[in-house]
Amino acid sequence: MRDYANRALNQAQAKGATYADIRIVRRETQNIEVRNGIVQTLSLGDTYGFGIRVVADGAWGFASSHRLENAEIDRVAALAVAIAKASAISKASDVDLGPAECHVGTYTTPMKIDPFQVSLEKKIDYLLRSDKEARAVPGVRVAESTLGLERNHKIFASTEGSYIEQTLTETGVGVVVTAVSEGEMQQRSYPNSFGRHQGTGGYEFAETWDLPGNARRVAEEAVALLSAPQCPSGVTSIILDGPQLGLQVHESCGHPIELDRVFGTEAAYAGTSFLTPEKFGDFQYGSKIVNIVSDAVTPGGLGTYGYDDEGVPAQTTDIVKNGQFVGYLTSRETASQLRKIHPNAPARSNAAMRADGWNRIPIIRMNNVSLLPGTWTLDDVIADTDDGIYMITNKSWSIDDKRLNFQFGTELAYEIKKGKRGRMVKNATYTGMTPKFWAGCDAICNKDYWHVWGTPNCGKGQPGQVAHTGHGAAPARFRNVQVGVMK
Amino acid sequence: MLGESRLAEIAQQVLRQAKADQTEVMVAGTDSHLTRFAVNTIHQNVSETDVAVRVRSILGRKTGVASGNELSEAALRKLVRSAETVAGFQEENPELGSLPGPKPAQKVDVFVERTAECTPVERARGVEKILKMSRKNQLDAAGAFSTEANETYIANSLGVSAYHRGTVASILTVIMGQNSSGYATAASIDVANLDPESVGRIAVEKALSSKNPTPIEPGEYTVILEEAAVADMLFTLGWMGLGALAVQEGRSFMNGKFGERITGEKVTIWDDGADPRGLPLPFDFEGVPKQKVTLIEKGVAKNVVYDSFTAGREEGKVSTGHSLPAPNTAGPIPLNLFMAPGKATKEEMLASTKRGIWVTRFHYTNILHPVQTILTGMTRDGTYLIENGKIVRPLRNLRFTQSILEAFSNIEALGKDLVLLKDEWNSVGTCAPAAKIRDFRFTGTTD
């Protein structure tokens, strides 16, 4: 592989590149889905290729191919340089990558049981048991139990001297139960919605989350929701469970701290950010108990890796400290740009550049952007709430292009009256504006409730890229929130 | 692009290796290029060459799928063995029927050489036309200019053999001022049909006219939705409930409504994979020719689309050619949607509106309730207040929470032009007119 990498870098430089890197990536996947007692999906995927990223004439170019052979490397390197030179037609200034990054190393996801080595029979049996439990509940129309595995073997080499090899392994599981009645449909999911909960690690992840032991409970909840009353409308206190709060952090903190959005380079698709550079270090993002970090090192997190796709070592960065906004997710280029505005900003990237495979360029992506735990128990938060709604598991999400106005729906909710959990309500929604919402956060549960929830479906970029991100969260309470937006 | 004969050769290599009772192979090649710009400069500029091979093996009533992108004989042999091995581990699926047999699909000529051959310099020059207009007006332009050639070959051991190739070119731009933005887009199979200057001009005009937006109380308003906003709702409707699996599982808004009125009578929606006004693919991912299917006719629920699996579950049904690639648990989906245009121009819709809101497009829409077709999302890139037939001032963006079928029941006028909107993620196109709709529900606003 070193020969291929060296050839690509040499060719790019010979054609005029002042910087070049190559990523050679093999992605293997395995997906199994049991739907209503039938194994509807049993598929293996394997995609392999390389992408060459260059700076030439002070501008970026990138080209990629699935054929890793000498002649194709030469063609793709030359094309990447030609593309960079075309980019230079409209450049305002030369690309500035800041200090050089030269790292040689390896990283492999720690795991106990290699999930690709576990027999298909064992995995199918696990899902069939989950499916059987879900469908044992009368009224269930569709039960889906899924297991997904992904392994990325990545080589990164650059003209600055980096050569890094990583093998990242992910395991994910989930069960989704659908109950239907006249004009009504309700779903419940476990451990998280939209397919599955996922983390870096081995098959032990699947066993820990025990789908068969939880499928019947969520099935009963789905059926009960059909006849539950509609979530009332009004302004009240809400308590969000960990998975819903993880997505709230993702949408209303994780995206607006991406420095490429802040600088406008994602404006055409995902949008920009309300956390503009003048707010850096000088903006009250939330209440004093709100502490948020970005990290790529927490074991098991879906956003955990050894190096990002610019070859920068994984690290931890404070994002919100005691409610104050103090940090962004950065790339080499945007870190250098920020420093021109804020001379005290870090000179180096905090390793947030990731690409969705060999055929995409790295862009700034969340790793594990997490709300740190507080001091409460969930029972105490409920007991301390006179009137409110406890909302569980995300059902829908939508947020504006600056990440201010959001609206979320959850699968399940309970009223809270005089410190006690009351009746179940359906179609719960809440809406708000980001800083006001986080300013109303007055109770966060302790580390016993904290977990890094995986979001394996974060879309961004043109052409589109999907990233796998993690979000540590424990249940928390927010005051004065508008709930019940649906008619 | 490898061409039909090379793709056929790859498919035949796979079928020759196969030992399963039935085998299907899909070979899909793409050469795609995208020049992306922001803050009035090209900041990302990419190219991709790939060929994906997907094999579905059927052993009795068991099925397995394997996919890869390596084309050596050894790699293809491994792929076939993988698909057959995983099929062997399957449980019997009593509902699994046969792969489809051969049927001729209509040929649609949508491959334009100059789109396939478009160079990075040509795209950069097109982008520069937009950037110049933006700079001249002290605005910031962002967007993407993409060109793509793609080809698909489907074959199976029962004799199916179908090949299609096409090209797509598209430009999208968002041009921003201090507190305003404008949007415009265009897509075509022929890059020569794209006019970057026209796209840039529309977006610049919107960015200038939406400066200093003011708030308005959320509530129910008459709206004029431009084509992109209508296409967003149409595409969502297709995913939510216009496929047979959603109906068979009782989770579609079409359940119990066939033959009944579900929208206003101005609404007729169909799917047609061979209509060159869209982005055609004349057969599905099982190689079955796509039929033109009328889904809603003059407001009455008529049909949903089928693949082989869902057709096999109902007496007298045949696949309409709407399968997605295997393995597929979403069921058949209409991917070439059209909504019948009306007779009004957008200017006429505006002139006839006493008070209302003009919406350029939606942002980040998501389904709240699929059976009630309730959707939420934000407006973006040009939202204006209409009074007495005129646009009087720009508005801050609004959040809507609205049933699509209810909105389609309240359509007062449809635009006379059908516009092709390309999906951001795939070469899938939806053709929609603009619409004037009363009592559209806005539930929030933003800064």
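Predicted model: local features only at pLDDT ≥ 70, side-chain atom pairs only at ≥ 80, totals over all residues.

**Notes on the two chains**

1. Let me start with a helix pair in chain A. Helix α1 (residues 2-14) of chain A and helix α2 (residues 70-87) of chain A have axes that come within 9 Å and cross at roughly 35°. The crossing of α1(A) past α2(A) is right-handed. On the α1(A) side the contact is made by A:Y4, A:R7, A:A8, A:Q11 and A:A12, and on the α2(A) side by A:N70, A:I73, A:D74, A:A77 and A:V81.

2. Next, the domains of chain A. The chain is divided into domain 1 (2-226) and domain 2 (234-483). Their C-alpha centres lie 21 Å apart. Across the boundary, 54 residues of domain 1 of chain A are in contact with 47 residues of domain 2 of chain A.

3. Chain B has a domain assignment too: domain 1 covers 4-204 and domain 2 covers 214-447. Taken over C-alpha atoms, the centres of domain 1 of chain B and domain 2 of chain B are separated by 24 Å. The contact takes 33 residues from domain 1 of chain B and 29 residues from domain 2 of chain B.

4. A:L97 may be worth a look in your viewer. This leucine lies in the loop between α2 and β4 (104-108) of chain A. Is A:L97 buried or exposed? A:L97 counts as buried because its relative accessible area is 11%, under the 20% cut-off. Leaving aside neighbours within four places in sequence, A:L97 is in contact with A:Y19, A:W60, A:E310, A:R332, A:E333 and A:S336. For a distance along and across the chain, take A:L97 and A:S396: they are 299 residues apart in sequence, and their C-alpha atoms are separated by 38 Å.

5. A:T334 sits in helix α8 (residues 332-341) of chain A. With 7% relative accessibility, A:T334 is buried. The side chain of A:T334 makes a polar contact of 2.8 Å with the side chain of A:S331. Setting aside neighbours within four places in sequence, the residues in contact with A:T334 are A:L259, A:D260, A:F263 and A:I364.

6. Where is A:S273 found? It is in the loop between α7 (259-262) and β10 (292-295) of chain A. A:S273 counts as buried because its relative accessibility is 5%, under the 20% cut-off. A polar atom of the A:S273 side chain lies 2.7 Å from the backbone oxygen of A:P256, and a polar atom of that side chain lies 2.9 Å from the backbone nitrogen of A:L275. Apart from neighbours within four places in sequence, A:S273 is in contact with A:P256, A:R261, A:V262, A:D401 and A:K402.

7. Two peptide bonds in chain A deserve a check of their omega values. A:Y190 and A:P191 are joined by a cis peptide bond, with omega about -10°. A:P191 is placed in the loop between β7 (184-190) and β8 (197-200) of chain A. The peptide bond from A:Q462 to A:P463 is also cis, and its omega is near -5°. A:P463 belongs to the loop between β21 (451-460) and β22 (465-473) of chain A.

8. Lastly, two backbone angles in chain B. What is phi of B:Q138? It is near 55°, a positive value in a residue other than glycine. B:Q138 is found in the loop between α4 (120-136) and β4 (140-156) of chain B. B:Q138 counts as exposed because its relative accessibility is 68%, over the 50% cut-off. B:N388 has phi near 50°, again a positive value in a residue other than glycine. The loop between β13 (374-387) and β14 (390-394) of chain B holds B:N388. At 58% relative accessibility, B:N388 is exposed.

Definitions and conventions:
Residues numbered from 1 in each chain as written. Chains lettered and ligands numbered in written order. Heavy atoms only, no water. Axes fitted to C-alpha atoms, helices over the stretch in contact; angles between N-to-C directions. Helix = DSSP H or I, 4+ residues; strand = E, 2+ residues; numbered from the N terminus. Left-handed = near helix turned anticlockwise from the far one by under 90°. Contact = heavy atoms within 4.5 Å. Buried < 20%, exposed > 50% of the residue type's maximum accessible area, 1.4 Å probe, protein only. Polar contact = N/O pair within 3.5 Å; in protein donor to acceptor, adjacent residues only side chain to side chain. Domains from an automatic or database assignment.
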